[in-house]
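Please read it alongside the structure shown here.

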Amino acid sequence: MKTPQMTEKSSLLKASPDCASPRVEALSTTAQHRQARHSWGWAILVAICFGVLIHGVAHHHGGHKLSQDPDTAAKQVLKSTPVIDGHIDLPIFVRAAYANNASAFDLRKKMPQHVDIPRLREGGVGGFFWSAFVPCADWAGQDEGPDFLTSTWRVRDTLEQVDIARILIAQYPETFHLATKTTDIHKSWKKNKIASFIGIEGAHQLGNSIAVLRQLYNLGARYVTLTHTCHNAFADSCGTLPEKWGGLSPLGYHLIDEMNRIGMLIDLSHTSDNTARQAIKYSKAPVIWSHSSARAVHTHERNVPDDILELIGTEEGQDAVVMVNFAPDFVADPGEADVYVVADHVEHIAAVAGKKHVGLGSDFDGIGAVPAGLEDVSKYPALIAELLRRGWSKNELEGLTGTNLIRIFEGAEKVAGKLQAVGVPPSYELYNKRTDLPRKQDL
């Protein structure tokens, strides 16, 4: 870099590349003049080199220095690493309010609930999982029986939810980009688009079939929550019913094998504690909680207890990320949910599992109430500002907003690549209660 001072002095000074002592041209034959000139030239060169160094350091770091004002600094953090929210229920809201008719509303205008394009932009959102959710049978007034055999309608409805998510992503191409791998995240950000992943909120939506899992992956789904509020053929839920399987069912282990093989993230939100413990220990790939909080901060079966948080880590234990849910019932007593208590959940998970293992999974558009200060997707900066006030660094906050989830996702992709490279075949395991196909022992 050439400074004005260096240009002005170029006729007098010739410095080596590493700023060593200058060779001063002799202007006098006297030793006194030579010594004076040498000292003067050395002082100027040292000043110039020091100035260049300081200018370079300031230029390199100036863009990364956060404002002293937490609200301004929060926006700086989100500009460099936007939020990737683990769970947004926009598709189910569209189903309930508009019968999945994408022509009945405009996401460029304010929507009735928590999510629309202007507020996503205001909140610094760079990606989210569109939840393709279908309720458990009891929510829909149906009885599947003890063996979950009347489940085909849920596969249909799940496909409809994947369909509306993909339609909406395609309908606003200036905003959304369908993402199916981690490299799509940075591609989206370079184009100022929101990376749009699809998640399946419950293995009850698979119709008891591992083959359906594979086809949902082919349609773009990248996580499956092992249960919702009901048990299913694969695992026990954290709901109030007595356990059926004691955690994972025999078929559930095969489901995890196949999720590892194809690169589908295992989501442990909504699962029973035993299901979560067994899945953490069995899975070859990292796992996520797409929208769960800390049970030690607020007692709720949907939150993660400390003994399970202690099972995860980057050096020891399973790598994982717990993406904090904003639902008031999950984070605080009635009337007490606000941005500060949500920050308490973030900090507790970080204290037990480490700051590399916490993220954000709001549940927006899937919750009837919201915490004060976190009313919609425009409010993420308020949470980041609160954590800045509590001493979180820029790098730690970038992990919270996005890079922790990206690391977990990359881990699942690597495991899938290794399993496929050695030729691990697809799982052909069938649910043993099915009567429509011959069973293994009959072949």
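1. In this predicted model, helix α14 meets helix α15 through I384, L387 and L388 on the α14 side and L397, L400 and T401 on the α15 side. By class, the residues of this contact comprise 5 nonpolar, 1 polar and no charged.

2. The geometry of this pair may be stated as follows. Helix α14 covers residues 380-389 and helix α15 covers residues 394-421; the two pack at an angle of about 150°, with their axes 11 Å apart. Angles over 145 degrees count as roughly antiparallel, and α14 is therefore roughly antiparallel to α15. The crossing of α14 past α15 is right-handed.

3. The 28 residues of α15 should span 40 Å at 1.5 Å a residue, and the end C-alpha atoms lie 38 Å apart, so the two values agree. Just after α15, G423 adopts a positive phi of about 80°.

4. Helix α14 also packs with helix α3 (residues 70-80), at an angle of about 115° and with the axes 8 Å apart. Helix α3 is therefore roughly perpendicular to α14. Their crossing is right-handed.

5. Which residues make the contact of α3 with α14? From α3 come P70, D71, A73, A74, V77 and L78, and these meet Y380, P381, I384, A385, L388 and R389 in α14. The contact has 10 nonpolar, no polar and 2 charged residues. As a general point, an α-helix has 3.6 residues a turn, so residues three or four places apart point the same way.

6. A further pair is formed by helix α9 (residues 250-262) and helix α10 (residues 273-282), which pack at an angle of about 45° with their axes 11 Å apart. Helices α9 and α10 are therefore oblique to each other, and their crossing is right-handed. Y253, I256 and D257 of α9 make the contact with Q278, A279 and Y282 of α10. The residues of this contact divide into 4 nonpolar, 1 polar and 1 charged.

Definitions and conventions. Residues numbered from 1 in each chain as written. Predicted model: local features only at pLDDT ≥ 70, side-chain atom pairs only at ≥ 80, totals over all residues. Heavy atoms only, no water. Axes fitted to C-alpha atoms, helices over the stretch in contact; angles between N-to-C directions. Helix = DSSP H or I, 4+ residues; strand = E, 2+ residues; numbered from the N terminus. Parallel < 35°, antiparallel > 145°, perpendicular 65-115°, else oblique. Left-handed = near helix turned anticlockwise from the far one by under 90°. Contact = heavy atoms within 4.5 Å. Nonpolar A, V, L, I, M, F, W, Y, C, P; charged D, E, K, R; others polar. Expected span 1.5 Å × (residues − 1).
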